[in-house]
Amino acid sequence: MKRDLVCIICPRGCRMTAEITDSGVLVSGNACKRGEEYATAEMTAPKRTVTSIVRVSNRVDTMVSVKTKEPIPKEHIFDAMEKIRAVSVEAPVRIGDVIIENLFGTCIIATKDVK
Ligand code: SF4
């Protein structure tokens, strides 16, 4: 399998080609090692940062924005969204507060203050 990718690690945005071969993932077009690592991960175990919102139970019509602290495996995104949808928090909430612990190897944290 061969794919064209744009590296998102830095603003340079190198256009890369990655191919899975018998000897591993061959990457070309990257200007540095980080691009090779990104392309290899995209070809073998892609991860994404999930962002969403959580209801604040003691504030009318108020939501707090949240995200995964680290990217999670792409195949778990829908499960993560269901777990996020199922929770609510009570204000006050501070940026960085853990909203859900231990979710697919990371946690869900608040990205906004709610007083
Ligand atoms: S390959 Fe390196 S230089 Fe190119 S976009 Fe990725 S991180 Fe930046």
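1. Domains. The chain is assigned two parts, domain 1 (2-44) and domain 2 (51-110). These bounds come from an automatic or database domain assignment. The C-alpha centres of domain 1 and domain 2 are 30 Å apart.

2. Ground rules. This is a predicted model: local features need pLDDT of at least 70, side-chain atom pairs count only at pLDDT 80 or more, and totals for chains, interfaces and linings use all residues. Residue numbers start from 1 along each chain as its sequence is written.

3. Three strands form an open sheet in the order 1-2-3, with antiparallel pairing. Strand 1 (2-6) and strand 3 (24-28) are at the edges with a single partner strand each, so one side of each has no neighbour in the sheet. On average, neighbouring strands are turned by 25° against each other, direction ignored. Strands are DSSP runs of E, at least two residues, numbered from the N terminus. Two strands pair if DSSP finds at least two bridges between them.

4. One pairing. Strand 1 pairs with strand 2 (residues 15-21) in the antiparallel sense, over 5 bridges. Arg3 has Ala18 in strand 2 as its bridge partner.

5. The helix. Helix 1 (residues 33-44) lies across strand 1, strand 2 and strand 3. Helix 1 runs at about 130° to strand 3. Helices are DSSP runs of H or I, at least four residues. Axes are lines fitted to C-alpha atoms, for helices over the stretch in contact (C-beta atoms, placed from the backbone, within 7 Å). Angles run from 0 to 180 degrees between N-to-C directions.

6. The ligand. Residues around the ligand include Cys7, Cys10, Cys14 and Cys32. Arg12 and Arg34 are also among them. A residue belongs here if its C-beta atom, placed from the backbone, lies within 6 Å.

How values were computed
Contact = placed C-beta atoms within 7 Å.
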